[in-house]
Amino acid sequence: MTDIEYLKKYYKGNIEDAIKRLNDGEPVQYIVGNVDFYNSNFIVNKNVLIPRFETEELVLNTINFIKEYFHKEIKVLDIGTGSGAIAISVKKEVSGEVYATDISKEALEVAKENAKRNNVNINFINTNIYDGIKEKFDVVISNPPYIRYDEEIDEIVKNNEPHIALYADNNGLYFYEEILKNIKNILNDKYLIAFEIGKDQGEAINELKDKYLPDSSILLKKDLEGRDRMIFIYNFE
Ligand SMILES: C[S@@+](CC[C@H](N)C(=O)[O-])C[C@H]1O[C@@H](n2cnc3c(N)ncnc32)[C@H](O)[C@@H]1O
């Protein structure tokens, strides 16, 4: 479907205004105000990243891991939840409690609306990464900001989506290291960490895993387009 066809199908207001916004370079999902992701529909606005197809793959693989290896109620943490798309999708399919953090209060407002819209309960926390969280989790999942500041990205993304959701220091690796550094403090003995990653970041994240979680196992997974886009770090013993 072209963007214009998408607008005609889903936009509820004046279509001429919508087409003008599209021509001015605004993403069609922000104009419509919501987007389908995994098995649900989510409100999106300029305060949240538009959830991506590759993130659906992260969610699907994580849910499959959970169903195969955790046969009990589990506790899940989604770091950098944005629209809440990951946390809410996982909560709908897995039994247990889901926590979700974001540093952006505005993003959390959207995530809370989305939880209501999808009839699920999530413990949303406005904090840096997982600062102040004392719980222990079975699963930590995150699609953190991972774009290098000098990386070329599509103008429509750069001009519209929140930069706090996109860019990270240290060649885009900042959040992976910050998350892994002290993650033992918030993990149960048996755990799964699931990350979306940039396509050329696999090796560097493998090194971080060796530094901070040397006894864990790791699986690098490609997305449907054949790019390394997900990493699973786990101990299922
Ligand atoms: C790439 S977006 C992912 C959004 C959503 N989880 C998804 O997959 O569509 C990264 C998110 O991390 C949040 N974020 C950025 N810095 C953060 C920090 N220091 N602590 C917690 N969240 C942060 C951003 O506000 C943004 O919502």
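Select Y30 and the residues around it. Leaving aside neighbours within four places in sequence, Y30 is in contact with V44, N45, K46 and N160. The model is predicted, so treat each stop on this tour as a feature of that model. Y30 sits in helix α3, residues 28–32. Is Y30 buried, exposed or partly exposed? Y30 counts as partly exposed because 18 C-beta neighbours fall inside 10 Å, and a residue needs 20 or more to be buried. Now draw a distance from the C-alpha atom of Y30 to that of N45: the two residues are 15 apart along the chain, and the separation is 5.3 Å.

Next, colour the chain by domain. The domain assignment gives domain 1 as 1–32 and domain 2 as 38–235. Taken over C-alpha atoms, the centres of domain 1 and domain 2 are 29 Å apart. Five residues from domain 1 and seven residues from domain 2 make the contact. On the side of domain 1 that touches domain 2, two residues are nonpolar, two are polar and one is charged.

Move to residues 3–10 and 15–23, helices α1 and α2. Their axes come within 10 Å and cross at roughly 145 degrees. The crossing of α1 past α2 is right-handed. To see the contact, show D3, I4, L7 and K8 on α1, and I15, A18, I19 and L22 on α2. What kinds of residue make up the contact of α1 with α2? Six are nonpolar, none is polar and two are charged.

The next pair is helix α4, residues 53–69, and helix α5. Here the axes are 10 Å apart and the packing angle is about 30 degrees. The crossing of α4 and α5 is also right-handed. Select T55, V59, T62 and I63 in α4; they meet A85, I86, S89, V90 and E93 in α5. The residues of this contact divide into five nonpolar, three polar and one charged.

Stay on α5, residues 85–93, and ask how many of its nine residues are buried. The count is seven, and the helix is mostly covered. The buried residues in α5 are A85, I86, A87, I88, S89, V90 and K91.

Then select V76, V139, V140, I193 and F195. These are the residues with the most contacts inside the largest nonpolar core, which has 56 residues. Strand β7, residues 187–196, supplies the largest share of this core, with six residues. Centre the view on V139 and show what it touches: not counting residues up to four places away in sequence, V139 touches T62, I66, I74, V76, Y191 and L192. T62 was also on the list for the contact of α4 with α5.

The last stop is Q201, in the loop between β7 and α10 (202–212). Why does Q201 count as buried? Q201 has 22 other C-beta atoms within 10 Å, and the cut-off for a buried residue is 20 or more. Leaving out residues up to four places away in sequence, show Y146, G172 and L173, which Q201 touches. Finally, draw a C-alpha to C-alpha distance from Q201 to K184: these residues are 17 apart in sequence and 22 Å apart in space.

Terms used: Residues numbered from 1 in each chain as written. Predicted model: local features only at pLDDT ≥ 70, side-chain atom pairs only at ≥ 80, totals over all residues. Domains from an automatic or database assignment. Contact = placed C-beta atoms within 7 Å. Nonpolar A, V, L, I, M, F, W, Y, C, P; charged D, E, K, R; others polar. Core = buried A, V, L, I, M, F, W, Y, C linked by C-beta atoms within 7 Å. Buried ≥ 20, exposed ≤ 12 C-beta atoms within 10 Å, placed from the backbone. Helix = DSSP H or I, 4+ residues; strand = E, 2+ residues; numbered from the N terminus. Axes fitted to C-alpha atoms, helices over the stretch in contact; angles between N-to-C directions. Left-handed = near helix turned anticlockwise from the far one by under 90°.
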